[in-house]
Amino acid sequence: MSSILNTYARKKISFRKGKGCYLYANDGKKYLDFVQGIAVNSLGHCHSHLIKIINKQSKKLWHVSNAFTILEQEKLAQRLCKHTFADVVAFQNSGTEATELAIKLARKYFYSQGKKNKNKVVTFQGAFHGRTLAALFAANNPKHIEGFGPKVNGFDQVPFADHESLKKAVTDDTAAIMVEPIFGEGGVKVVPDYCIKGIRELCDEKDVLLILDEVQCGVGRTGKFFAFEHTGVIPDIVPIAKGIGSGFPIGACLMTKKVASCMTPGSHGSTFGGNPLAMSVGNAVLDIIFKKGFLKNVQKISKYFHKELHKLQSEYPKVVKEVRGAGLLVGLKIFKDQTEFIKKLSDNKLLTVKASENVVRLLPPLTVKKQSINEAVTILKKVCKTYR
Ligand SMILES: Cc1ncc(COP(=O)(O)O)c(C=O)c1O
């Protein structure tokens with residue numbers, strides 16, 4: 001029996017090393033990794049630049065308290081602000097802490113204006129915002145909240161893509177609308193641009209903040225730094241995590257100065273959030289992602305991947321129902337049993353991960369090459385063929 005708490009249906013495979021798109025298992029097998037820690041290793045496994053920087057920093061300084069000025073943190077915050085809508089950043093350690101802070105900010109923002117009842121957050125069915133109590137009850141997934149009551153109050157939920165219900169749900173007590181531009185865990189569903197624009201308009205009309213959860217879809221995954229940049233909309237608060245650390249635990253909440261003005265020393269904190277070691281990795285990730293042409297290349301390779309997957313769908317219309325997603329956040333909605341399909345892919349040395357609505361998620365690193373995409377498509381074809 002394992003000494004680890006039983007909260008994951010773990011596969012038996014374990015790995016000894018990783019390089020780029022590939023993972024090497026302890027039993028000698030080599031896998032093409034299109035999970036990448038669930039969209040975490042944005043630059044693939046053991047990227048040489050990250051190795052160099054983390055080695056260098058590990059010999060200088062790992063951790064000091066946020067009671068002191070942390071220059072690596074200042075630098076990462078400035079770079080994030082320079083390249084995005086944000087004026088201010090708060091560093092955390094994970095996605096759920098970042099979404100939790102987003103909720104806190106929305107509440108505190110209106111509280112500081114004397115609007116003490118304006119504290120509710122409207123969310124969407126099928127969303128995922130993490131596993132802290134507030135994030136759980138924000139998403140309100142019956143499977144995730146069972147047994148974890150009492151309920152955290154302050155959330156109103158509406159169906160996906162139902163603007164009329166959304167309009168009704170937004171009242172004078174609403175502080176924010178929180179949505180993932182692409183529902184990752186929820187089935188790789190892209191929220192259409194006009195919906196994001198409509199939500200922004202509604203927020204402006206009702207004096208409500210817009211929180212766009214980019215924990216999974218952000219940091220270059222869609223070929224722009226943020227997925228919402230495809231829509232032209234400017235949010236108020238954006239939680240991020242995963243890709244910004246490319247495997248090192250970093251979370252962050254980006255916000256406008258208007259929002260940031262409600263917080264004062266002592267109103268939030270995190271012991272580990274933004275320590276020098278983590279920040280040096282975050283900066284190293286941005287060195288690569290902000291390199292000229294990097295995101296253009298993500299767009300180019302994703303276009304190729306989507307084209308190949310659409311071909312696969314037309315070749316196997318009884319297996320693949322739909323190709324979903326944007327950039328390198330891709331989902332195949334299949335007609336067959338998802339668990340069996342993923343097992344067959346894994347038996348053929350392609351690692352993928354499930355999402356809701358019987359979707360198989362494909363999350364290559366942003367550095368993926370055409371050759372690895374072709375390799376993945378060949379394995380997908382081979383597995384689709386077994387259903388003939
Ligand atoms: C959209 C979204 N928000 C929040 C989270 C929570 O992030 P973490 O697991 O780092 O706490 C996730 C994780 O999958 C996510 O996809």
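In the predicted model, F341, K344 and L345 of helix 12 are in contact with I379, L380, V383 and C384 of helix 13. Sorted by class, the residues of this contact comprise six that are nonpolar, none that is polar and one that is charged. Helix 12, which spans residues 338-347, packs against helix 13, residues 370-385, at an angle of about 125 degrees, and the two axes lie 9 Å apart; helix 12 is therefore oblique to helix 13. The crossing by which helix 12 passes helix 13 is right-handed.

When residues up to four places away in sequence are not counted, I177 touches V122, F124, L166, V170, I199, L202, C203, V208, L209, L210 and I211.

Another pair of packed helices is formed by helix 3 (residues 71-83) and helix 10 (residues 276-289), whose axes are 8 Å apart and meet at an angle of about 35 degrees. Their crossing is left-handed. On the side of helix 3, the contact involves E72, Q73, K75, L76, R79 and L80, while helix 10 contributes P276, M279, S280, G282, N283, L286 and D287. By class, this contact holds five nonpolar, four polar and four charged residues. Within helix 10, N283 has a relative accessibility of 6%, and because this value is under 20%, N283 counts as buried. Apart from neighbours within four places in sequence, the residues in contact with N283 are E72, K75, L76 and R79.

Some details of the backbone were also examined. The peptide bond that joins G149 and P150 is cis, with an omega of about 5 degrees, and P150 is located in the loop between helix 6 (142-145) and strand 6 (155-158). Q36, although it is not a glycine, has a positive phi of about 50 degrees; this residue belongs to helix 1, residues 36-39, and is buried, with a relative accessible area of 0%. A positive phi, of about 30 degrees, is likewise found at K242, which is not a glycine, and K242 lies in the loop between strand 11 (237-240) and strand 12 (251-255).

Terms used: Residues numbered from 1 in each chain as written. Predicted model: local features only at pLDDT ≥ 70, side-chain atom pairs only at ≥ 80, totals over all residues. Heavy atoms only, no water. Axes fitted to C-alpha atoms, helices over the stretch in contact; angles between N-to-C directions. Helix = DSSP H or I, 4+ residues; strand = E, 2+ residues; numbered from the N terminus. Parallel < 35°, antiparallel > 145°, perpendicular 65-115°, else oblique. Left-handed = near helix turned anticlockwise from the far one by under 90°. Contact = heavy atoms within 4.5 Å. Nonpolar A, V, L, I, M, F, W, Y, C, P; charged D, E, K, R; others polar. Buried < 20%, exposed > 50% of the residue type's maximum accessible area, 1.4 Å probe, protein only.
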